[in-house]
Structures are given as C-alpha cells and as structure tokens.
Amino acid sequence: MKKRSKNPTRSRTDQLALARALVAMRDRVKWLLDFASRDLSSVTEEEIDAIRWPLLTFIYWPNGELEESASELRAVVPAIYEQEQPSRRSPLHGPSPESEVRRIQNLLREGMAALFRGRAFLSGKKVHPGVRRNRDGSIVPVTLESEEARLFGSIFQILMGLGPRLRVCNAPGCGRFFAANRRGQQLYCRSACAQRVRSARFYAAHHDDVRAHSRARYEGRVRRQLGSRVRIQRHPRKSPASRTR
Ligand SMILES: [Zn+2]
C-alpha cells in the first residue's frame, strides 16, 4: 500500500490557497494597497487564508518572479515548508494567523501613514549581518533576518518602486492608499470617490437653488390641494443657537 501524506486535505487546501495567492500576485502593488486599506473587522477563516498566502509569497519570492504553472505550483508548497525551519518560523504559520494578519496590516497602515507625515517607515525587526566561509576559502556576507524583516523588505521594494504614485485618497471619509496612474493628477482612489466629491461640490455650489426648487414644489403641492389663492407661510429657519434657548 502506498504511503499517504499525513494530512492530504490540508495540503490540497494550501495548494488552492497558494494558487489564488499567485493570481493575486499578478499585481502585487494593487494587492498590497488593497490589503492595507481593507476592513478586517469581520473576516472568515478562508478570507484570512487568502491574505496569508500572498503575504507568504512576499517572504519567499520577494520579487514576484515566480511563473504560474502547475509544475512550479507543486514544487512551491513543500518548498515553503522546507524553508520553514522552527527557529525562523513565519508568524503567519503560527497558531493565530488571523491576529498576525491584523498585526501586519496595522504595521503597514501606520508605516505608510508615517511616510505621508514625513517620517520613516521602519519594520522594527533587526537584521544581523554576518559572514560565512565557502569551501574554496572565500568568505562571503550572509545576513540573518527574520521572516518578518523579509516581508517588510519586499514591501519596501514595492513602495520604493511606487514613489510619487503612492497616494492617499482625498475623498472625505475614505483615506484608502492607492497607486495613481502613471500620468495625470489622480486624487481619488476610484471613480465612486471622485463622483462623491463632485456631487458634494455641486450641492454646496447650488444649495440655494436646490432649496428654492423644493420650496416651489411644496407650494405647488399645497396650491393643488387648497386652491391657488392660499397664502403659504414661510417658517423662519431656526438657528442652532435659538433652539437651545
Ligand atoms: Zn477613495
């Protein structure tokens, strides 16, 4: 009888999750900024998994150079577990991936917000420089860094690549991070936000017109009911100060 892996279902789930992660990685920049802006107040275990795996690819494939193909995919999952030595175990593989995902999102948000306040975005994880001797006698540099330091290393590469294209949506109450088009002055993260600002501006500019229009409609309605000669009283607007008196 052929030996079966300990938990085939789990590994299949992992492969599917990773397949999704790689699809997401086609646009790492967009994925990362969406993750930073995403509301995680109520997410399912499956949704956490769908975030955890792309984050893991940031650690293991910092440049996103992995081609998406079935054979490579099959190689990928064991590779992750092989690299995952207990001493360097990724917090994303820990007992509570959900709280890890939230913690990393927090660091990412705070870090990017710091950039817009003219401050540095630091990962807070130490990198230990060192050297190693090869068989031919050459001594080469090695760095020991935690998985988290590698994760943020990848993130910093992406942010450096974005440069001035990294923006915060200007629409009131939005504040999402987004990557602006290569050309032009994009102020809002999506057309819905731009439209909301346009409507608010239009309303502010035409506020009196809107009031006059609704007044005219009201008078028309009253006249149809009570006759055209009726006098319609105009209630004085109460100011906030008079209301408290
Ligand atoms: Zn927006």
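In which strand does Arg167 lie? Arg167 belongs to strand 3, which spans residues 166-168, where helices (H or I, at least four residues) and strands (E, at least two) are DSSP runs numbered from the N terminus. The structure described here is a predicted model, in which local features need pLDDT of at least 70 and side-chain atom pairs count only at pLDDT 80 or more, whereas totals for chains, interfaces and linings use all residues. Residues are numbered from 1 along each chain as its sequence is written.

The protein has nine helices and four strands, and along the sequence these follow the pattern α-α-α-α-α-β-β-α-β-β-α-α-α. Of the 245 residues in the protein, 16% are buried, a residue being buried if 20 or more other C-beta atoms, placed from the backbone, lie within 10 Å of its own, exposed if 12 or fewer do, and partly exposed in between. Arg167 counts as partly exposed because it has 19 C-beta neighbours inside 10 Å. Residues up to four places away in sequence being left aside, Arg167 touches Phe178, Ala180 and Gln186, contact being defined by C-beta atoms, placed from the backbone, that lie within 7 Å. The C-alpha atom of Arg167 is separated by 10.0 Å from that of Leu33, although the two residues are 134 residues apart along the chain.

The largest nonpolar core has 25 residues, and those with the most contacts inside it are Leu32, Ala36, Leu55, Leu151 and Ile155; such a core is a set of buried Ala, Val, Leu, Ile, Met, Phe, Trp, Tyr and Cys residues joined through C-beta atoms within 7 Å. Two or more residues of this core are given by each of helix 2 (28-37), helix 3 (45-60), helix 5 (97-116), helix 6 (147-162) and strand 4 (177-179), with the largest share, six residues, coming from helix 3. Beyond its neighbours within four places in sequence, Leu32 is in contact with Ile155 and Ile158.

The axes of helix 3 and helix 5, taken as lines fitted to C-alpha atoms over the stretch in contact, come within 10 Å and cross at roughly 60°. Helix 3 is therefore oblique to helix 5, since angles under 35 degrees count as roughly parallel, over 145 as roughly antiparallel, 65 to 115 as roughly perpendicular and the rest as oblique. In this contact, Ile48, Ile51, Arg52 and Leu55 of helix 3 meet Pro97, Glu98, Val101 and Ile104 of helix 5.

Definitions and conventions:
Two residues are in contact if their C-beta atoms, placed from the backbone, lie within 7 Å. Axes are lines fitted to C-alpha atoms, for helices over the stretch in contact, and angles run from 0 to 180 degrees between N-to-C directions.
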